[in-house]
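Open the model in your viewer and colour it by secondary structure. The stops below follow one another as selections.

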Amino acid sequence: DRCNIDYVKNAHIDSNCSHENIYLTCFKNKKMTFDEAERLVYKKLFGPGIMAQNARNEKRGHKKRNKTVEDVLRNPKTAPDEFIFQIGDAEVQEQWDLATREKIEKILLQAALSTAKSSRKERSGFRVIDVAVHRDEAAVHLHMRGAYCAKDRYGYWMPRQRQALEEAGYMRPDLSRPISRYNNSKITFTNYLREKFLEKARELIALNDIDINIYDKMLLRYFL
């Protein structure tokens with residue numbers, strides 16, 4: 001969200017339009033910031049597992065290995081992951097009238113959330129925490145952040161990307177080759193999100209009486 005944004009350092013953001021952005025979290029409290037929502041999710045979902053791991057560390061004489069929820073939340077390996085969805089580039093979006101823009105923004109949100117929901121297997125996989133539709137940049141786009149959830153051997157939920165994705169059925173592209181930067185479950189998951197998002201977006205565009213041929217040509221784009 002834009003709570004702590006420095007508009008001087010981010011000149012591409014139009015502060016006059018920031019109030020038009022859409023912010024949603026997995027909680028009913030609409031005043032909750034993304035930082036607050038992510039911290040609360042990590043505390044509720046992963047807190048018990050982190051405390052249990054700390055207790056085992058201390059029992060084995062490895063207290064220095066202990067972590068707090070904040071440590072896990074801020075660690076790049078376990079922090080919330082982020083995906084960005086966008087329909088059309090800035091040049092194309094400039095051609096839309098207000099009615100079309102409003103329709104596309106709704107489609108953007110619906111398609112992204114539908115994609116996230118379909119990606120989960122029971123509770124394993126990727127769980128969405130917050131979503132933001134940014135209208136204050138050159139092109140309207142959506143940020144979706146969430147956590148990878150998998151149970152450890154003791155039955156506690158922990159933020160484990162590889163385990164969460166593999167248990168949800170997202171195996172690395174080439175099982176005959178070892179895991180690497182170009183051969184891992186995240187690649188498979190990313191491809192799945194891209195395909196499902198495009199599929200759902202095209203479906204919703206057709207339902208909203210928008211010429212699908214026009215929007216197929218305008219680059220239905222998905223970013224990471």
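In what order do the elements of the protein run from the N terminus on? The order is β-α-α-β-α-α-β-β-β-α-α-α-β. That is 7 helices and 6 strands, taken as DSSP runs (helices H or I, at least four residues; strands E, at least two) and numbered from the N terminus.

This is a predicted model: local features need pLDDT of at least 70, side-chain atom pairs count only at pLDDT 80 or more, and totals for chains, interfaces and linings use all residues. Residues are numbered from 1 along each chain as its sequence is written, and side-chain values use heavy atoms, with hydrogens and water left out.

Select helix 4, residues 98–119. Its 22 residues should span 32 Å at 1.5 Å a residue, and the end C-alpha atoms are 32 Å apart, which agrees. The expected span is 1.5 Å times one less than the number of residues. Buried residues here include Ile104, Leu108 and Ala112; buried means under 20% relative accessible area with a 1.4 Å probe, protein chains only.

Next, show the aromatic rings. There are 10 aromatic pairs, with ring centres within 6.5 Å. Phe85 sits in strand 2 and Phe197 in helix 6, 112 residues apart. Phe85 is buried at 0%, and Phe197 is buried at 0%.

Now select Phe83, Phe126, Tyr148, Tyr170, Phe189 and Tyr192. Ring pairs link these into a cluster.

Finish at Arg56. Arg56 lies over the face of Tyr154, 3.7 Å from the ring centre; the cut-offs are CZ of Arg within 6 Å of the centre and within 35 degrees of the ring normal.

Definitions and conventions:
Phe/Tyr/Trp six-rings, centres within 6.5 Å; stacked < 30°, edge-to-face > 60°. Buried < 20%, exposed > 50% of the residue type's maximum accessible area, 1.4 Å probe, protein only.
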